[in-house]
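Please look at the model below and follow its strands and aromatic rings step by step.

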Amino acid sequence: GLLRALDDADLISIYGPEKFMGVEPWAGFKNYRGSLPFDGFSTINALNEAGICLAFSSKEHQDSGVMSNRFFEGLAAGAALIANPHPFIKRFFSDCAYIVEDNLPPAEISKRVNDIVLAIRRDPSEALERAQIGQKRLKETFSLERCLEKLFAVHDKRKRSSAVFDSALGDPQKVESLPLRIMIVIQHFDADDNEFRRMLSNVRRQIGVKFDVAIICDEKFYNAKG
């Protein structure tokens, strides 16, 4: 309902797949612009051109605390962000995003989004300031370089203090008593056995955890290996 209302008012540009599971999800939307390449740049360029990014999260995203990529792409693009409540936004970007409560009737949500879009168009200075703050925080806190720096800085301390690491190191039998269990998924669609054996060898070298292995392969490889 929200997207329909914004489409009727010509306040939105919609990008997405022409077909999804055999259905045309954007049929009837006059502001549907087509699909974008999944190349890491096209979405950001489109958001930058639009100037405003609608980044609503599903209830599953909200409950799990996981933030959609769309929000990060909007930050990288320097766009104004319109979002619904999310613990991640509240913690890191409450002064950057325009928040619209999502526990309202659809018509009221549409009206509030519409009002924000029109307010930004009338006076973009506040939105620009928010976008600049968001980009600066994204770079300082969430860039790959910054995250790697943090990991390296605490690596030795975490390694020394890790009871799991110490209890399992050098004693594979102790792994069975560890609480941590992970699933390792291996994709293999090649006839090269050497590559497959190399991946299995890497799995066997893991310490400190119990693991299950799932192998995704084609029927020919499965039949050959039993």
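**Rings and strands**

Y32 is partly exposed, with a relative accessible area of 22%, where buried means under 20%, exposed over 50% and partly exposed in between (1.4 Å probe, protein chains only). This is a predicted model, in which local features need pLDDT of at least 70 and side-chain atom pairs count only at pLDDT 80 or more, while totals for chains, interfaces and linings use all residues. Residues are numbered from 1 along each chain as its sequence is written, and side-chain values use heavy atoms, with hydrogens and water left out.

The structure as a whole holds 11 aromatic pairs, a pair being two rings of Phe, Tyr or Trp (its six-membered ring) with centres within 6.5 Å, called stacked when the planes are under 30 degrees apart, edge-to-face when over 60 and tilted for the rest. W26 and Y32 are stacked, at 6.4 Å centre to centre with 20° between the planes, whereas F88 and F93 form a tilted pair, at 5.9 Å and 40°.

Strand β4 covers residues 80-83, with strands (E, at least two residues) taken as DSSP runs and numbered from the N terminus. In a regular strand, side chains alternate between the two faces of the sheet. In β4, A80 and I82 on one side and L81 and A83 on the other are all buried. Strand β3 (residues 52-54) runs parallel to β4 and is joined to it by 3 bridges, where pairing requires at least two bridges found by DSSP; C53 has L81 as its bridge partner.

Notes: Helices (H or I, at least four residues) and strands (E, at least two) are DSSP runs, numbered from the N terminus.
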